Amino acid sequence: MKTFTYEKAATAEAAVSDTAATTRFIAGGTNLLDLMKLQVETPEKLVDISRLPLGEIEDMDDGGLRIGALVPNSDLAADPRVTSRYEVLSRALLAGASGQLRNKATTGGNLLQRTRCYYFYDTSMACNKRKPGSGCSAIGGFNRILAILGTSDQCIATHPGDMPVAMRALDATIVTLKHDGDKRRISIHDFYRLPGDTPDIETVLEPGELITHVELPAPPAGAKQLYRKVRDRASYAFALVSVAGVVTVEEGTITSAALAFGGLGPMPWRNPAVEAALVGQAPSDEVFGVAADALLADAHGYGSNDFKIPLARRTLIASLRELTGE
Amino acid sequence: MKFTINGQSYDAEPDVRTSVLDLLREHVGLTGSKKGCDHGQCGACTVLINGRRVNSCLTLAVMHQDDEITTIEGLGTPDNLHPLQAAFVAHDGYQCGYCTPGQICSAVGMLDEAKKGWASHVSDDLSSSDLSDTEISERMSGNICRCAAYPNIVDAIREVAEA
């Protein structure tokens with residue numbers, strides 16, 4: 001690991017004072033330190049934000065929930081308000097990583113988890129995300145775990161998270177503190193960026209900007225929630241495909257649907273066309289197939305990940321059967 | 001820097017890059033915690049920090065000067081084994097033994113999580129934390145045993161869970 005200077009931030013305002021591109025916040029550190037050991041990340045300074053008072057989960061007046069950025073994944077998954085009102089979020093968190101990692105990984109850090117693309121991790125390979133302009137060894141390489149949606153000719157990396165997929169289905173808002181002291185509220189739908197020709201830029205966060213909270217609106221009344229994760233091992237593995245679903249059925253008709261997907265794209269994926277194919281319809285495999293067509297209309301396989309296209313279709317249909325069943 | 005490990009205070013001056021695992025093994029001579037992958041994948045380095053199980057290889061020592069670190073050496077002694085240590089012996093919950101300190105520290109943390117009512121990925125009901133064998137396996141999936149002593153590890157943990 002390259003050496004760095006270490007500072008413990010006394011306040012959030014102090015934490016955002018440094019906007020250098022070579023400065024990183026550290027809280028749980030479970031992803032950052034892993035990448036620093038491999039010298040994929042080589043920050044010159046770490047700002048320790050782990051003791052800032054951002055570890056609370058609070059009810060909001062509108063029936064929603066406000067989650068501090070430092071709430072560990074395990075505590076968020078176990079919170080009775082989350083297990084009772086946001087089951088999809090608990091399920092997504094519990095489907096990720098291991099008990100030890102969930103105890104350390106934080107809500108804010110998990111939103112910023114980096115891709116698990118083999119070529120991003122291997123500093124001897126070309127990777128436009130790690131080293132802009134160096135090329136992409138994943139295209140034409142071993143890309144079984146990589147993306148089929150939202151890719152570019154520069155990058156086919158997937159976002160590896162589970163929690164952010166559930167948060168996209170739940171229409172979360174990310175609250176930040178900017179360098180100039182302003183607070184910003186960013187819809188999770190606007191938070192991530194497609195790779196295009198700058199795959200090294202993954203979110204709309206500005207230098208020094210700190211995630212302080214995530215807010216969840218009240219879930220739709222009477223909705224069924226589900227997180228289904230398909231992976232190579234039954235536990236402790238990243239998703240090949242995952243589906244977070246929040247769906248309401250009234251008198252035999254789908255009245256609301258929010259569906260987000262992991263393992264398919266460079267960000268937790270959501271496509272309004274999928275939901276438009278469902279709302280107003282009576283649940284049936286035919287309708288679910290139309291929704292899958294909408295999801296996968298622009299899907300592109302890169303060889304070893306071609307299987308994800310039929311897998312995503314089947315996983316979506318199986319999820320919708322469960323979400324709309326008795 | 002000052003660290004509190006197994007109830008004792010230690011002075012050490014680790015480089016800022018030093019993980020809690022390297023602090024334990026290289027700076028204060030507590031070699032019970034093992035280095036397997038050094039990337040949070042195998043669980044051999046699991047310790048308890050403020051009572052919670054974590055991968056000590058994936059956290060910096062400098063960040064834990066105010067915390068209570070508990071390692072396998074702090075759970076029991078050869079003359080006075082922790083119930084999980086005794087159960088691992090009774091059920092032969094190991095072969096080479098390299099993953100065992102991490103398995104036991106992880107199991108201590110896991111049983112506490114279950115006691116608090118935390119569900120797991122395999123729980124049908126998110127308000128339930130009953131420990132079936134499937135539940136124990138899922139909750140311990142962050143600890144790899146290269147000798148595959150898993151059935152006996154589950155037996156040992158189940159015995160303590162049911163005690």
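This is a predicted model: local features need pLDDT of at least 70, side-chain atom pairs count only at pLDDT 80 or more; totals for chains, interfaces and linings use all residues.
**Ground rules.** I kept in mind that local features need pLDDT of at least 70, that side-chain atom pairs count only at pLDDT 80 or more, and that totals for chains, interfaces and linings use all residues. Residues are numbered from 1 along each chain as its sequence is written, while chains are lettered from A and ligands numbered from 1 in the order in which they are written.

**Where the chains meet.** Chain A puts in 26 residues and chain B 29 residues. On the chain A side, I listed the elements that give two or more residues: α2 (32–37), α3 (73–78), α5 (87–94) and α6 (99–104). Those names follow DSSP runs numbered from the N terminus, with helices (H or I) of at least four residues and strands (E) of at least two. Which element gives the most to this side? It is α6(A), with five residues. I also sorted this side of chain A by residue type and got nine nonpolar, twelve polar and five charged. For that sorting, Ala, Val, Leu, Ile, Met, Phe, Trp, Tyr, Cys and Pro are nonpolar, Asp, Glu, Lys and Arg are charged, and the others, Gly among them, are polar.

**A sheet in chain A.** Next I traced an open, antiparallel sheet of three strands, in the order β9-β10-β11. Strands pair here if DSSP finds at least two bridges between them. β9 (224–230) and β11 (253–262) of chain A are the edges with a single partner strand each, so one side of each has no neighbour in the sheet. From one strand to the next, the twist averages 15 degrees.

I then followed the bridges. Seven of them join β9(A) to β10 (residues 241–250) of chain A, and A:Leu226 has A:Gly245 as its bridge partner in β10(A). Another partner in β10(A) is A:Ser242, which bridges to A:Lys229. A:Ser242 also has a bridge partner in β11(A), namely A:Gly262. Nine bridges join β10(A) to β11(A). In the hairpin of these two strands, with two residues between them, A:Glu251 takes a positive phi near 45 degrees.

Is β10(A) mostly covered or mostly uncovered? It is mostly covered, with eight of its ten residues buried. A residue is buried with 20 or more other C-beta atoms within 10 Å of its own, exposed with 12 or fewer, and partly exposed in between.

**Helix on the sheet.** I saw α5(A) lying across β9 and β10 of chain A, at about 15 degrees to β9(A). The angles run from 0 to 180 degrees between N-to-C directions, using lines fitted to C-alpha atoms, for helices over the stretch in contact.

**The core.** The largest nonpolar core has 134 residues, and A:Val88, A:Leu89 and A:Ala169 are among those with the most contacts inside it. Such a core is a set of buried Ala, Val, Leu, Ile, Met, Phe, Trp, Tyr and Cys residues joined through C-beta atoms within 7 Å. Leaving aside neighbours within four places in sequence, A:Ala169 touches residues including A:Val88, A:Gly245 and A:Leu259.

**One last residue.** A:Ala276 is in helix α11 (residues 272–276) of chain A. A:Ala276 counts as partly exposed because 14 C-beta neighbours are inside 10 Å.

Terms used. Two residues are in contact if their C-beta atoms, placed from the backbone, lie within 7 Å.
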